[in-house]
Amino acid sequence: QVQLAESGGGSVQAGGSLRPSCTASGRTFSITGMGWFRQAPGKDREFVAGVTWSRGITTYADSVKGRFTIFRVKDKNTVYLQMNSLKPEDTAAYYCAAATSQSQAYAYWGQGTQVTVSS
């Protein structure tokens, strides 16, 4: 079992920054990767960014490349999403997810944290 707890969302004006975080607990030794997804009202949940746990290899959606940075602090079992140059279209509920050696995919999810960007 892996439990994920997100925090750090909020409301900002366009061009501002936020850095939500996600901390894992439970069987953290089994984590192979963590990532962030987002979902706006009426839209499907979409992948935002991911990072492998061992070597920190990152992957980004094209829509956030150059603006968002995902990084993990292994000793804290925590992943961050540094979001800069935020746009109104970034407004969504952001969800942390984790993959494990058993799941080999994103199988564990946080409760979500709301990000609202005003124009």
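This is a predicted model: local features need pLDDT of at least 70, side-chain atom pairs count only at pLDDT 80 or more; totals for chains, interfaces and linings use all residues.
I will start with the disulfide. How many does a search of the whole structure find? The search finds 1. This disulfide joins Cys22 to Cys96, with 2.0 Å from S to S. The angle about the S-S bond is -80 degrees, and the link of Cys22 and Cys96 is left-handed. Which parts of the chain does the pair tie together? Cys22 sits in strand β3, residues 21-26, and Cys96 sits in strand β9, residues 92-100, so the link ties together parts that are 74 residues apart in sequence.

Are these cysteines buried or exposed? A residue counts as buried under 20% relative accessible area. Cys22 has 0% relative accessibility, so Cys22 counts as buried. Cys96 also has 0%, and therefore Cys96 counts as buried.

Now the charged side chains. As a reminder, side chains of opposite charge can pair when their charged atoms come close. The structure holds 4 salt bridges. I will go through some of them.

Glu46, at 36%, counts as partly exposed.

Arg38 also forms a salt bridge with Asp90, where the closest N and O atoms are 2.9 Å apart. This pair links distant parts of the chain: Arg38 is in strand β4, residues 31-39, while Asp90 is in the loop between β8, residues 78-83, and β9. The two residues are 52 residues apart. Arg38 and Asp90 are both buried.

Which residues are linked in a network of salt bridges? They are Arg38, Glu46, Arg67 and Asp90. If you have the structure open, pick out those four residues and look at them together.

Next is the salt bridge of Lys65 and Asp62. Their side chains meet at 3.3 Å, taken from N to O. Are Lys65 and Asp62 buried or exposed? Both are exposed, whereas Arg38 and Asp90 are both buried.

To sum up, the disulfide joins Cys22 to Cys96, and it ties together parts of the chain in β3 and β9. Among the 4 salt bridges, the one between Arg38 and Asp90 also links distant parts of the chain. That is the end of the talk.

Technical notes. Residues are numbered from 1 along each chain as its sequence is written. Side-chain values use heavy atoms; hydrogens and water are left out. A disulfide is a pair of cysteine sulfur atoms within 2.5 Å. Helices (H or I, at least four residues) and strands (E, at least two) are DSSP runs, numbered from the N terminus. Buried means under 20% relative accessible area, exposed over 50%, partly exposed in between (1.4 Å probe, protein chains only).
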